[in-house]
Amino acid sequence: MRIPDLLPRLLAGDRRALARAISLAEQGGPPARELLAAVYPHAGRAHIVGITGPPGAGKSTLVNALALELRSLGRTVGIVAVDPTSPFSGGAVLGDRIRMQALCGDPGVFIRSMASRGRLGGLSRATADAVALIDAAGFDIALIETVGAGQGEVDIARAAQTTIVVEVPGMGDDVQSIKAGVLEIADLFVVNKADRDGADKTVRQLRSMLHLGGPPADGWEPPVLPAVASAGQGIAEIIAEADRHATHLRAGDGADAHARAAAEGDLRAAVQELAIERLRGPAWDALVAKIVARRGDPYTAAEELLGAL
Ligand SMILES: Nc1nc2c(ncn2[C@@H]2O[C@H](COP(=O)(O)OP(=O)(O)OP(=O)(O)O)[C@@H](O)[C@H]2O)c(=O)[nH]1
Ligand SMILES: [Mg+2]
C-alpha cells in the first residue's frame, strides 16, 4: 500500500493500517522517513507510559490489567511489547498473546510486539517510531512494556513521559538489588505480587530509599503502590497516579523538558541515520580497511568523511 493511501486510514485509527505503518517504519530507509514525516504533525497527544522491571515481575500481566481498566473508562490503548531477544523466544510472548486475547477483538486496543532485529538505532528507535504511529492514530495512551535489562530500559524510558518500574516482594534486605539508574527513571513504583509475603516491607524499603535521595528537584515524589496484577488489584490506583503524573508534567515545565529531550534524541538519531546512509560507499569501505590495518583511526576517518559531506 502506498503511503498516501495508508495515511488517512492510519490517522482514522484503523488498526490494520497502523500495523502496516509500523512494519514500514521498522524497515527504515526513505519510505519509512516519508511516512514518519507525514504523521509527525499528528502525533503528540497520547500519554506515553513505559512499564519496565525485572523478568517475570508481572509486567505483561500488569499491562493487560491496565488496558482492561482503561477500556472500562472509555480510553483507547496502544501497547508495544518490547522483547529484547527474539519474537520467537517462546513462552513469554506466547503467554502474553493468550493473556491478551480478551483485548483482541476490541478496536480500542492495539497490540504490537517488537524485536531487536532490524535497523540502525535498534530497538529504542523502532519503539519510538511505533509509539509515534500509535499516537498519530489517535490512541489515548501508549503503553510500552520492556524488560529491565540494562541500557535499553533507560533508552526506552526516554520515549515514555511516565515510567512505571515494577518490582516484586522479596528484595529482602538487599536494597542493592534495585539496579542503579532505575531509581532515577521511575515516576511510579509498583510492587506487584503483593499477594506474596514481604510486600509491605518492600513498599516501605522503596519509600525510604526514595526519601534518602532528598526532595525531588522537579517536585514529583514517585509513589510506591502495591498491586496484584493477576487479580486486577491496585490497578485503578496506578492509573490515577499515572494521570496525576501527566497533570504534573503539564503544570510544570516537565512536559517541555521531556519534549525537548525526546526531540533532541529524535534529531540525533535522524542525523546519524542519514549521515551514515550518505557516507557509506567505496570511500567508507576503504577507510574501514585502513582502520582494520591500523593505518588509520576512526576519528581521523570520520573527520575525512564528514568533510566530504
Ligand atoms: N502471585 C502473583 N503472580 C503474578 C502476579 N502478576 C503476575 N503474576 C504471574 O507472574 C508470572 C510472570 O508474569 P508476566 O506478566 O509474564 O511477567 P513479565 O514481567 O511480563 O515477564 P517477562 O516479560 O518474561 O519479563 C506469570 O505466571 C503471572 O501469572 C501477581 O500479582 N501475583
Ligand atoms: Mg512480559
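This is a predicted model: local features need pLDDT of at least 70, side-chain atom pairs count only at pLDDT 80 or more; totals for chains, interfaces and linings use all residues.
The protein contains 14 helices and 7 strands. Of its 309 residues, 35% are buried. When contacts between residues at least 6 apart in sequence are considered, 74% of them join residues at least 24 apart.

The largest nonpolar core has 67 residues. Those that touch the most other members are Ala21, Val131, Leu133, Ile134, Ala142, Leu143 and Val190. Helix H7, residues 122-136, gives the most to this core and supplies 9 residues. For Val190, contacts beyond the neighbours within four places in sequence are made with Leu62, Ile164, Val166, Leu225, Ala227 and Ile238.

Thr162 is found in strand E5, which covers residues 162-167. The C-beta atom of Thr162 has 24 others within 10 Å, and Thr162 is buried because the threshold for burial is 20 or more. With neighbours within four places in sequence left aside, Thr162 is in contact with His47, Val49, Asp187, Leu188, Ala242, His245 and Ala246. Thr162 also lies 9.7 Å from Leu143, C-alpha to C-alpha, at a separation of 19 residues in sequence. Leu143 is itself among the core residues that touch the most other members.

Two packed helices are described by the angle between their axes and the distance between the axes.

Helix H1 (residues 3-11) and helix H3 (residues 29-39) have axes that come within 11 Å and cross at roughly 40°. This angle makes H1 oblique to H3, and the crossing is right-handed. On the H1 side, the contact is made by Ile3, Leu7 and Leu10. On the H3 side, Pro31, Glu34, Leu35, Ala38 and Val39 take part. By class, the residues of this contact are 7 nonpolar, no polar and 1 charged. Arg2 is found in the segment before H1. Arg2 has 7 C-beta neighbours inside 10 Å and therefore counts as exposed, the limit being 12 or fewer. The C-alpha atoms of Arg2 and Pro31 are 9.3 Å apart, although the two residues are 29 apart in sequence. Pro31 is one of the H3 residues in the contact with H1.

For helix H4 (residues 59-72) and helix H11 (residues 235-251), the axes come within 10 Å and cross at roughly 75°. H4 and H11 are therefore roughly perpendicular to each other. H4 contributes Ala65, Leu66, Glu69 and Leu70 to the contact, and H11 contributes Ile235, Ala236, Ile238 and Ile239. The residues of this contact divide into 7 nonpolar, no polar and 1 charged.

Helix H13 (residues 282-292) packs against helix H14 (residues 298-308) at an angle of about 165°, with the axes 10 Å apart. H13 and H14 are therefore roughly antiparallel, and H13 passes H14 in a right-handed crossing. In H13, the residues that meet H14 are Ala283, Trp284, Leu287, Lys290 and Ile291. Their counterparts in H14 are Pro298, Ala301, Glu304 and Leu305. This contact has 7 nonpolar, no polar and 2 charged residues.

Backbone geometry was considered at two positions. Arg294 lies in the loop between H13 and H14. The phi of Arg294 is positive, about 60°, although the residue is not a glycine. Arg294 counts as exposed, with 7 C-beta neighbours inside 10 Å.

Lys193 also has a positive phi, near 60°, in a residue other than glycine. The position of Lys193 is in the loop between strand E6 (188-191) and helix H10 (199-212). Lys193 is buried, with 24 other C-beta atoms within 10 Å. Thus Lys193 is buried, whereas Arg294 is exposed.

Notes. Residues are numbered from 1 along each chain as its sequence is written. Chains are lettered from A and ligands numbered from 1 in the order in which they are written. Axes are lines fitted to C-alpha atoms, for helices over the stretch in contact, and angles run from 0 to 180 degrees between N-to-C directions. Helices (H or I, at least four residues) and strands (E, at least two) are DSSP runs, numbered from the N terminus. Angles under 35 degrees count as roughly parallel, over 145 as roughly antiparallel, 65 to 115 as roughly perpendicular and the rest as oblique. A crossing is left-handed if the near helix is turned anticlockwise from the far one by less than a right angle, and right-handed if clockwise. Two residues are in contact if their C-beta atoms, placed from the backbone, lie within 7 Å. Ala, Val, Leu, Ile, Met, Phe, Trp, Tyr, Cys and Pro count as nonpolar, Asp, Glu, Lys and Arg as charged, and the others, Gly among them, as polar. A nonpolar core is a set of buried Ala, Val, Leu, Ile, Met, Phe, Trp, Tyr and Cys residues joined through C-beta atoms within 7 Å.
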